[in-house]
Amino acid sequence: LVFTGSTAAGRTMMQLASQNLTRVTLELGGNDPAIVLEDAPLDRPTLERLARATFLTTGQVCMAIKRIYVHRSRYDEVVTGLTEILSAQRVGPGTAPTTTLGPLNSARQRDFVSTLVGEARAAGHEVRELGTIDDEALEGGGHYLRPALVLDPAPSARIVTEEQFGPAVPLLPYTDVDVVIDQVNSEWSGLGSSVWSTD
């Protein structure tokens, strides 16, 4: 049995497979953190890698970065750098040569990501929706969203605690990396994680 999907569905698959010892490969949901340390190189190529690791396939990758923790002393650099990179993105059909970010896989997923971003905005957190959407894409009614940065949301905000699986990411400043590591190690998910550092 090979299954890709949610953690809850994976538990059910595992229980059913255990009844007759069926071999199982599960690729389940993740809310993958990236931790940017104080000594991280934040030149343009590194910031572009960070953006790619977050927004590849419009953020619809199981192991894509879903939240970014940044040392407070480097926070403004990351916000500025990602804002510049994402401002140049063009959202549209994957077949268009000018497109850099395609659609989400369904209207339901688009609406879910929009809801998470909207909740963060309604709670008073700064949201930067960046890039442009191709006019023809809008007229065609596809499932498009511009990439969004949610700045310094509450740790309990759903944009932080749930896997958004789309083009939106929270940026969370921290001062004590040990606290962040303890936090991400104690949560429900962590399919992939990354640490950004010169060391």
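**Reading pockets, fold and backbone in a predicted model**

Guide: Helix 4 gives the most to the lining of the largest pocket, with three residues. Residues are numbered from 1 along each chain as its sequence is written, and side-chain values use heavy atoms, with hydrogens and water left out. This is a predicted model, in which local features need pLDDT of at least 70 and side-chain atom pairs count only at pLDDT 80 or more, while totals for chains, interfaces and linings use all residues.

Visitor: What volume has the largest pocket, and which residues are the closest to its centre?

Guide: A pocket is an open set of points on a 1 Å grid over the protein atoms alone, where a 1.4 Å probe fits, with protein on both sides within 12 Å along at least five of seven lines; lining residues have an atom within 4 Å of a point. A volume is the space filled by probe spheres set on the points, which are joined across faces, edges and corners. Here the largest pocket comes to about 340 Å³. It is lined by 15 residues, and the closest to the centre are Gly5, Ser6, Gln109, Glu163 and Phe165.

Visitor: Where does Gln109 lie, and what does it touch?

Guide: Gln109 belongs to helix 4. A contact means heavy atoms within 4.5 Å. Leaving out residues up to four places away in sequence, Gln109 touches Leu104, Gln164 and Phe165.

Visitor: Does Gln109 count as buried or exposed?

Guide: Buried means under 20% relative accessible area, exposed over 50%, and partly exposed in between (1.4 Å probe, protein chains only). Gln109 has 16% relative accessibility, so it counts as buried. Across the protein chain, 44% of the 199 residues count as buried.

Visitor: How much space lies in the second largest pocket?

Guide: The second largest pocket holds about 180 Å³. Of its 14 lining residues, the closest to the centre are Tyr69, Pro155, Pro173, Tyr174 and Gln183. Strand 9 (168-174) and helix 7 (177-185) each contribute at least two residues to this lining, which divides into nine nonpolar, two polar and three charged.

Visitor: How many helices and strands has the protein chain?

Guide: The chain has seven helices and ten strands. Its radius of gyration, taken over C-alpha atoms, is 18 Å, close to the 16 Å of the globule rule (2.2 Å times the number of residues to the power 0.38) for 199 residues, so the chain is as compact as a globular protein of that length. The C-alpha trace spans about 55 × 45 × 35 Å along its principal axes. Of the contacts with a separation of 6 or more, 71% join residues 24 or more positions apart.

Visitor: Which residue has a positive phi of about 55 degrees although it is not a glycine?

Guide: That is Thr57, in the loop between helix 2 (44-55) and strand 4 (67-71). Thr57 is partly exposed, at 49% relative accessible area. Asp152, also not a glycine, has a positive phi of about 50 degrees; Asp152 sits in the loop between strand 8 (148-151) and helix 6 (158-161) and is partly exposed, at 40%.

Conventions
Helices (H or I, at least four residues) and strands (E, at least two) are DSSP runs, numbered from the N terminus. Ala, Val, Leu, Ile, Met, Phe, Trp, Tyr, Cys and Pro count as nonpolar, Asp, Glu, Lys and Arg as charged, and the others, Gly among them, as polar.
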